[in-house]
Amino acid sequence: MNIDIESKLLIVDDLPENLLALEALIRAPGRVVYRAASAEAALALLLEHEFALAIVDVQMPGMNGFELAELMRGTERTRHIPIIFVSAAGRELNYAFQGYESGAVDFLHKPLDPHAVVSKVNVFVDLYRHRKALRHEMESLAAAHRKQEELVQQLQHTQGELERAVRMRDDFMSMVSHELRTPLNTLYLEAQLRQLHLSKGNLASFAPERLPAMIERDQRQIRNMVRLIDDMLDVTRMRRDALSIQTKPVDLAALSRAVVENLHQQAEAAGSVITLHAPAELRGVWDEFRIEQVLTNLLTNALRYGGGKPVEMVVRQTDGTDKTGESGGMAQVAVRDQGIGIAPEDQGRIFEQFERTADSHKHAAGLGLGLYITRKIVSLHGGRIGVQSAPGEGSRFVVDLPLDATDATEVPGSDKEKEGTQT
Ligand SMILES: Nc1ncnc2c1ncn2[C@@H]1O[C@H](COP(=O)(O)OP(=O)(O)OP(=O)(O)O)[C@@H](O)[C@H]1O
Ligand SMILES: [Mg+2]
């Protein structure tokens, strides 16, 4: 039992000497006694305080004790306060029993027997304290229960996240293995074939005019594997926030021409022609290697998902504002294809790692890392990337870069925001 629970007692009597005598009897540590010289004064106190017990004189001028009790029973706030009536005449008690079945009621007779007063009051005060302590415990229990439910929810959430992470890791491992297997298998088969030719003395297949093509085939498979491993390393660095850019003066127009040239064979294999519209020169300060990666990723996608139709790249200077709202020269690279296109609901998520559209699997193998890396690099340069596309109508990816990315600050979280269609 919590002895800190304070009990307020109300005594109501029209005679001051009675009030004083009663107070002296029932006063004790942990109790506060309030005196009221009339029923009206008692009502005022009842509205203000929470009482453990009211000791009410029955005979008072004006409103008598029973009438006060009736009012108390009629109000929710005071209905449950136990009442001890103090009366001189035994006959009043018959009346007293009527209408007070609900709630605790007791009686004391004048002249008061101090022992009876003290023991009755003790019983009610104890009851009150017990009830209070119980309510307090129930509230603590309810709070603990709520807390527990919150924790369970948190746990379930964490468990969900963990399961998702494990699933992602497993998916990733199987994708990587599959992606590495393809070029490795090709190389392995080539090697076996060559061994067979050698063992049969078939040296014609190693004739000088055949060698360049043979080496090119090997290099292509090796390049694929290197690119895959580089992408995985980049993603790991990004996760640790360890990917940084090293800027220096770059001619974006010349870089674009070189990238298109490098992809010449890949374009041919895809049956597409890449047309480049670029000024003679577009100078800026960027991380050349990383920007090359951006251009390559966008063009590779356009070739992969471009349905063998023409691909167009436009490089130009604009005078837009950068993503921090600062105005100044910007460089813009737009890559447009006429391929499978991207549904509006996919246009945000394709910039997340491992996200690919359902369609893409039919067209090309891939890890779904290219655009994630691209967006991160663009963001590190203080730039932005967006896409305009409709299924079956091709896609247009647009990258805007500040001309000087030396002091570019990546706007926090901006590389994670949903990139929608640019207008
Ligand atoms: N030009 C495009 N046209 C249609 N869909 C595209 C285009 N570019 C990207 N996508 C969609 O976005 C997805 C994500 O592209 P992303 O470059 O990140 O990965 P990927 O090409 O699948 O694999 P990789 O990691 O090898 O680049 C693609 O799988 C494809 O579904
Ligand atoms: Mg890609």
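**Ligand site, cavities and pocket in a predicted model**

Ligand 1 has 21 residues around it, and D337, R356, T357, L369 and L371 come nearest. A residue counts as near a molecule if one of its heavy atoms lies within 4 Å of it. The model is predicted, so local features need pLDDT of at least 70 and side-chain atom pairs pLDDT 80 or more, whereas totals for chains, interfaces and linings use all residues. Residues are numbered from 1 along each chain as written, chains are lettered from A and ligands numbered from 1 in the order written, and side-chain values use heavy atoms, without hydrogens and water.

Polar contacts (pairs of N or O atoms within 3.5 Å) tie several side chains to the ligand. A polar side-chain atom of D337 is 2.8 Å from a nitrogen atom of ligand 1. On its own, ligand 1 has 600 Å² of accessible area, of which the protein covers 99%. Accessible areas come from the Shrake-Rupley method with a 1.4 Å probe.

A cavity is a set of points where a 1.4 Å probe fits but cannot get out. A pocket is an open set with protein on both sides within 12 Å along at least five of seven lines. Lining residues have an atom within 4 Å of a point. Points are joined across faces, edges and corners, and a volume is the space filled by probe spheres set on them.

The whole structure holds three cavities of 30 Å³ or more. The largest cavity has a volume of about 440 Å³. Its lining comprises 29 residues, with N301, R304, Y305, R356 and L371 nearest the centre. Two or more lining residues come from each of α6, α9, α11 (370-380) and β12 (395-402). Helices (H or I, at least four residues) and strands (E, at least two) are DSSP runs, numbered from the N terminus. α9 gives the most to this lining, six residues. By class, the lining of the largest cavity has twelve nonpolar, ten polar and seven charged residues. Here Ala, Val, Leu, Ile, Met, Phe, Trp, Tyr, Cys and Pro are nonpolar, Asp, Glu, Lys and Arg are charged, and the others, Gly among them, are polar. The largest cavity lies between domain 2 (168-237) and domain 3 (246-416), because both give residues to its lining. Domain bounds come from an automatic or database assignment.

The largest pocket has a volume of about 1,400 Å³. It is lined by 37 residues, and R223, N224, R227, Q266 and T300 lie nearest its centre. α6 supplies the largest share of this lining, 13 residues. At least two residues come from each of α5 (114-199), α6 (211-239), α7 (252-262), α8 (264-270) and α9 (288-304). The pocket lining divides into twelve nonpolar, twelve polar and 13 charged residues. Domain 2 and domain 3 each contribute at least three residues to it.

Two backbone features stand in loops. K110 and P111 are joined by a cis peptide bond, with omega about -5°. P111 sits in the loop between β5 (105-109) and α5. D241 is not a glycine, yet has a positive phi of about 60°. The loop between α6 and β6 (248-251) holds D241.

Note on methods:
1 Å grid on protein atoms, 1.4 Å probe; cavity = no way out; pocket = protein on both sides within 12 Å on 5 of 7 lines; lining within 4 Å. Polar contact = N/O pair within 3.5 Å; in protein donor to acceptor, adjacent residues only side chain to side chain.
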